[in-house]
Amino acid sequence: MTAPGEGGPLADTFGRVHRDLRISLTDRCSLRCTYCMPEQGNEWLARQSILTLDEIVRVARVAAAAGITTFRLTGGEPLLRRDIVDVVRELAAIESPDGPVQIAMTTNGIRLPDVLPALIDAGLKRVNISIDTLDREKFAALTRRDRLDDVLEAIAAASASGLRPLKLNAVAMRGVNDDELADLVAFAMEHGAQMRFIEQMPLDAGHTWDRSAMVTREEIVGALAARWTLTPVPGRGGAPAERWTIDGGPHTVGVIASVTAPFCGDCDRLRLTADGQLRNCLFSETEYDLVPILRADGTDADVDRMLRSCVHGKLAGHAIDDPSFLQPARGMNAIGG
Ligand code: SAM
Ligand code: SF4
């Protein structure tokens, strides 16, 4: 294997150029979704290990100079971060060689109506809101919190704000929400949003993933095709979701088939955990620790080298469906979804 180069785009050994950095702002959350976190006994990251605003912005500046054009804020729940508006404002002010960077967020929506105007003013461009069910009891069982109304309010606020594309994410689960897939799509269309279904991945902190409970891409498409005519949208590029128009458009629906049809060959994403670890894949077993650089006397050139090492170490794919697959030690909330 060749050594990571200096300067130029963040290309890995397979030629994939990295443009997207997912920044996890916290591992804490206002919900406890069964597929992500245990109900109790989660081991939280130590507070002093969480990157500060200045540390995040420093990494982001170096990443943008190296060709990252989109920062997606995630977690845990990014809106639990008290300085969330400042995070968005400072990141949105960063210029990459290709122009201003884009700031997007993935959120469960709780607290969103209160802060959305300030976030948009600070430069937030896109938001994805997670909603797995429209049924209040199911929502409470699935997230272990009775907060469906808050999420519905968030979706209404995001829809009214005009931020587009507005995307709604649901993890499809057998016996939980697989009877609601078409209803979720209809709900998204009513809100000018694109529904996206995600195949459940083995990323729950409780290590309870069971392949047979996962609803596959094929099943999702089959269930939707019973109500609508779906036509594939060409030109997916590096996007994780495969999309279809609904009854000829303009509405579309997406499926993120990370397990049965992984899109690793086109992956352009890197991740920064809330405690300063760079990861080149959700499923990687290696982390690249920025903390000694950020908290001792490391230079921006050291941060850049670490980014390039991380990209250089990226494997061809994650092989979730392979019997030899090993689930990462961290749960989804601590990696950053
Ligand atoms: N708390 C925010 C939220 O729920 O949108 C952001 C973080 S969450 C980890 C990001 C996304 O990951 C959500 O859409 C969630 O549904 C998805 N997710 C979490 N655990 C998952 C799993 N085991 N398989 C597939 N998707 C998962
Ligand atoms: Fe929280 Fe998002 Fe994980 Fe649900 S999926 S527990 S909302 S971090």
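## A buried arginine

Let's start with Arg-81, which sits in the loop between strand S2 (70-74) and helix H2 (84-92). Keep in mind that this is a predicted model. Is Arg-81 buried or exposed? Arg-81 counts as buried, because its relative accessibility is 9% and the cut-off for buried is under 20%.

What does the side chain of Arg-81 make a polar contact with? The partner is the side chain of Asp-83, at 2.8 Å. Leaving aside residues up to four places away in sequence, Arg-81 also touches Leu-25, Ile-50, Leu-51, Thr-52, Leu-53, Ile-56, Val-87 and Arg-111.

Now let's move to ligand 1. There are 19 residues around this ligand, and those that come nearest are Tyr-35, Gly-76, Glu-77, Ser-130 and Met-201. Sorted by class, the shell holds seven nonpolar, 10 polar and two charged residues. Strand S5 (102-107), strand S7 (166-172) and strand S8 (193-199) each contribute at least two residues to the shell.

Which protein atoms pair up with atoms of ligand 1? In the side chain of Ser-130, an N or O atom is 2.6 Å from an oxygen atom of the ligand. The backbone takes part too: an N or O atom of the Gly-76 backbone lies 3.0 Å from a nitrogen atom of ligand 1, and a backbone N or O atom of Thr-107 lies 3.2 Å from an oxygen atom of ligand 1. On its own, ligand 1 has 550 Å² of accessible area, and the protein covers 95% of it.

Which residues are found around ligand 2? They are Cys-29, Leu-31, Cys-33, Tyr-35, Cys-36, Met-37, Gly-76 and Asn-108. By class, this shell has six nonpolar and two polar residues, and no charged ones.

How many disulfides does the model have? The count comes to zero. Take Cys-264 as an example: the closest cysteine sulfur belongs to Cys-281 and is 6.2 Å away, so the two are too far apart for a bond. A disulfide would need the sulfur atoms to be within 2.5 Å.

Cys-264 is also buried, because its relative accessible area is 16%, under the 20% cut-off.

Key. Residues are numbered from 1 along each chain as its sequence is written. Chains are lettered from A and ligands numbered from 1 in the order in which they are written. This is a predicted model: local features need pLDDT of at least 70, side-chain atom pairs count only at pLDDT 80 or more; totals for chains, interfaces and linings use all residues. Side-chain values use heavy atoms; hydrogens and water are left out. A residue is near a molecule or strand if one of its heavy atoms lies within 4 Å of it. A polar contact is a pair of N or O atoms within 3.5 Å; within protein, one must be able to donate a hydrogen and the other to accept it, and residues adjacent in sequence count only if both atoms are side-chain atoms. Accessible areas come from the Shrake-Rupley method with a 1.4 Å probe; for residues, only the protein chains shown count as cover. Helices (H or I, at least four residues) and strands (E, at least two) are DSSP runs, numbered from the N terminus. Ala, Val, Leu, Ile, Met, Phe, Trp, Tyr, Cys and Pro count as nonpolar, Asp, Glu, Lys and Arg as charged, and the others, Gly among them, as polar. Buried means under 20% relative accessible area, exposed over 50%, partly exposed in between (1.4 Å probe, protein chains only). Contact means heavy atoms within 4.5 Å.
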